[in-house]
Amino acid sequence: MSVAANTAASPLAPEWLQVPADLNALHRPMWAGSVDRNDAGVLTVGGVDVQELKAQFGTPLFVMDESDFRARARAFKDSFDAAFADICGGVDVYYAGKSFLCTAVVKWVEEEGLRLDTASGGELAVAARAGIAGERVALHGNNKSDAEINRALDMKLGRIVVDSLAELVRVGAIAQARGEQAKVMLRLTPGVHAHTHEFIATAHEDQKFGLSMAADTTDVTGVSAAEEAVAAASVHPGIELLGLHCHIGSQIFEPDGFALAAEKLLRFLAAMQEKYSIIMPELDLGGGYGIAYTPVDTPRPAADIATAMAAVVRSTCAELGIDSPRISIEPGRAIVGSTTFTLYEVGTLKTVRVDAPAVSGDGDADNNVTYPRRYVSVDGGMSDNARPVLYDADYSAILASRTSAAAPQLSRVVGKHCESGDIVVRDVYLPEDVAAGDLLAVPGTGAYCWALSSNYNYLARPGVVAVRDGSARLIVRGETEEDLLNRDMGA
């Protein structure tokens, strides 16, 4: 058996992964606007280098560019307002708080003219502490508790997105008992399939979310669950029916799916208007816009998405002879995802040999060749980024504490947990001379990383630092061992 030379191009790498021409360069779509390298080759964000951040806050650490967050939020608001100005006077942009939420972010969202979408009583509590007006907040969820519904009514939320007929009845009954009306939108499943991982494609029928628009062939009336909900909501004394909502999936790069969903919901809205003589003034087309996690990801600018969606809404309303409802959208990942990278310190390194078909010029006649794959262990892992193990999500990484002229080596960045699936970056080319004590930065971790973080193996969850104009401050404190032990009530 022969052993292949440590060449730059490894047959162990997936087809999409190219050897970078410069291992020190930043692939811009993956990074926040202020991320750069200083004269010493150290990665910087907002003028602050990562060595300083490590010294002050430790690692692992989520590092967020506040100005970049604000710029992305404004881009969605400005682009969609411009595209829909002649249709419905602009768009209400709800930041999807489930992607990442803390009181500082709520304040940024409000200051940039956005609204806030929440998905639990806990997220509502963050919103309340941040002081955002209840009328600018929405509540989602397929299984809202009575306490959450009451809290939404106490806060006078602008909308409660109802997910089922049973929930509609319960929300209406609670509001009626209080002598109030709940402002309700109905979440529908339009049958538009997002081209994403199965578990984050949320518009197909066989899943827990939403009211089906398909006719019920088991019922003599043939009425869909969506139509049944519209009919019930329109006459319920505890319900003010605002309109319809859908969400077709996540990490979507093409606008076609959003456009098709918009067309289907508008046709349904027009049919309900004609059949029940009701006007539903709002239509929420959800979120799910993709970002760049790797160099091959190609996210679209907010303006492109807005223009494509506006064209469909404009033409469909004209064809149906109806006024356009007020449109709203719910970007989360597309605003916060690329604003943040996770900073890790390298620990143990080891290289293993993996069998693979020989490449040209390598190996014996039987093509029985092994190639090196290096494992680079860092001081975090699946407790601060569960997405690779949950969704097979791909990420990238870069040497952050210095530059290197060493040759590229195919590497796998792994965490420190007692779990073989604890992989942070499955495949990435890093310099051969990466060593213990170096810092690595993994971009695109602003969405669903801190939010999904855990204390697996009793690791404390990292803090979140916001950097702006040369200054860094904690917006979420990292946990300590004392925090973990405080909940242990003893024998």
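## Cysteines

The count of disulfides is zero, a disulfide being a pair of cysteine sulfur atoms within 2.5 Å. Cys 317 is in no disulfide; its nearest cysteine sulfur belongs to Cys 88, 8.5 Å away.

Cys 317 is buried, at 6% relative accessible area. Cys 418 counts as exposed, at 64%. Buried means under 20% relative accessible area, exposed over 50%, and partly exposed in between (1.4 Å probe, protein chains only).

## Basis of the model

This is a predicted model: local features need pLDDT of at least 70, side-chain atom pairs count only at pLDDT 80 or more, and totals for chains, interfaces and linings use all residues. Residues are numbered from 1 along each chain as its sequence is written, and side-chain values use heavy atoms, with hydrogens and water left out.

## Fold and dimensions

The chain has twelve helices and 22 strands. These are DSSP runs numbered from the N terminus (helices: H or I, at least four residues; strands: E, at least two).

Along the principal axes, the C-alpha atoms fill a box of roughly 75 × 55 × 50 Å.

## Packing

Of the 491 residues in the chain, 54% are buried. Contacts (heavy atoms within 4.5 Å) were also sorted by separation. Among those with a separation of 6 or more, 72% join residues 24 or more positions apart.
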